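Please look over the sequence and the three-dimensional view together before reading on.

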Amino acid sequence: MEKAKNIFINYFKDKEKTRDDLMLGPEFEHIIVDRKTYKSVSYYGDRGVEYIFGRLVEKGFQAEYEEGHILGLSLDDMHLATEPGGQVELSIDKKETVMEIEKSYRRFFSILLPILDEEDYDILAIAYHPITKIEEIKLLPKYRYRTMFEHFKSHGSMSHNMMKGTAGLQLSIDYVSEEDFKKKFFLANAIGNILYSIFDNGYFFEGQPTHHNIRALIWANTDQDRAGLAKNLFVDNSYEGYGDYLAKTPALFAYVDGSLQATGDKLIGDLVDENSSKEEIDHLLTMVFPDIRQKGYIEIRTMDAAPYPYNMGIFALIKGIFYNEMNLDLLYRIFADVNQDDLDRLREDMYIRGNESMFLERSLKAWSLAFIDMAKGALSPEEGAYLDPLKDLILSQSSFYDKTERLYKETGDIKKSVEFTKISL
């Protein structure tokens, strides 16, 4: 186990960057729906998600196959993957600025949206399927997903909702040293609930109104060996601490003799040694999925999927906080005494009160507006402008959840209530 832990420590150290080389790595998850009914489009069938992927191949994307099915696509810096229930994930190669991310994002949708228009489909940036029930969604034909699905039958009451139903927004950030990692990793966890509530975008759960932060609740009821707060957070918030957390977590499956195999009760630490390839280590790092994850970069995973251009706003917000030393140090000091009980109590409260929940004597809404102002002062005018729509939303609606609730009370129509989450350019 010590050998495995040291391998992870060295891996994390090798990934340190210089201050001039800090990048942003975005991932966007979406749900494709029928435009008339807003029921989710299956991966399968004559006009399913796989068919849409085939149309993208005609546009120049390179397909990745498993068991004869298209499960991934790539073109230049754009990479498309399928989540277990057919959710579509777009990742873009790391960029230095939000403007560069936006350029690639708009390029992708300029290709995809005309195809969806032909099929009378919309693509939503929303936390959960607005109408379709989880049992109506077929699992994708992928070995990894089948293995996880079986495991989760006895690990977490909402694990299958997580796999097949949720859609999030993620951003990866770099660190320059172990001390820098410790600050960023701790702060990202300490403010993770605030980021959840800023992007609270799941008013409906299987066709019925639900409480605030449904995606957060789903993750809280997913396999606690590997979800929620990383177990080293309040014990040893270092490379070694995270390496120890990894090594002592069951692996689920790993690459054995070059092929992906289920590993039963074996721990991650039992499956890594000095002969492990980078690809094998990279895979094992994905076998835990806490709110904030270390993968040689810090992956911030707490935001619900959000429509354009608000999604660009969260990238600007995170960059302005975490890549500005003054902001990072100030917030690290403010939140330094936050503990597990604080975060657990806040999580329970924000299911009920959303952005009105109190944390360190401020509402989450007040914290989010303070973060926006701090970030804007640290960014160029061009990047800072991405924060304006986000600030306007928080001031006028508080969150996407509250906006959806207002629209639903006005119209009584689910489709009309969530149409604002569809991607349009």
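The model is a predicted one, in which local features need pLDDT of at least 70 and side-chain atom pairs count only at pLDDT 80 or more, while totals for chains, interfaces and linings use all residues. Residues are numbered from 1 along each chain as its sequence is written, and side-chain values use heavy atoms, with hydrogens and water left out.

Helix α1 covers residues 2–14 and helix α9 residues 239–247, and the two pack at an angle of about 130° with their axes 8 Å apart; axes are lines fitted to C-alpha atoms, for helices over the stretch in contact, and angles run from 0 to 180 degrees between N-to-C directions. That angle makes α1 oblique to α9, since angles under 35 degrees count as roughly parallel, over 145 as roughly antiparallel, 65 to 115 as roughly perpendicular and the rest as oblique. The crossing of α1 past α9 is right-handed, a crossing being left-handed if the near helix is turned anticlockwise from the far one by less than a right angle, and right-handed if clockwise.

Both α1 and α9 are also among the elements that cover the buried residues of α10, together with others including α4 (143–152), β10 (250–256), β11 (259–267) and β12 (292–294). In α10 (residues 278–285), the buried residues are I281, H283, L284 and L285, where buried means under 20% relative accessible area, exposed over 50%, and partly exposed in between (1.4 Å probe, protein chains only).

The residues that make the contact include L369 and I372 of α14 and L390 and I394 of α16, and by class the contact has seven nonpolar, one polar and five charged residues.

Turning to the loops, which residues does T222 touch? T222 lies between α8 (214–220) and α9 and is buried, with a relative accessible area of 0%; leaving aside neighbours within four places in sequence, T222 is in contact with F152, H155, G156, M158, S159, M162, A227 and F289. P307, in the loop between β13 (298–304) and α11 (310–322), is likewise buried, at a relative accessible area of 1%, and touches A125, N201, F400, F420, T421 and I423, not counting residues up to four places away in sequence.

K94, by contrast, is partly exposed, with a relative accessible area of 28%, and lies in the loop between β5 (88–92) and α3 (98–119). The side chain of K94 makes a polar contact with the side chain of D174 at 2.9 Å, a polar contact being a pair of N or O atoms within 3.5 Å, of which, within protein, one must be able to donate a hydrogen and the other to accept it, and residues adjacent in sequence count only if both atoms are side-chain atoms.

Technical notes:
Helices (H or I, at least four residues) and strands (E, at least two) are DSSP runs, numbered from the N terminus. Contact means heavy atoms within 4.5 Å. Ala, Val, Leu, Ile, Met, Phe, Trp, Tyr, Cys and Pro count as nonpolar, Asp, Glu, Lys and Arg as charged, and the others, Gly among them, as polar.
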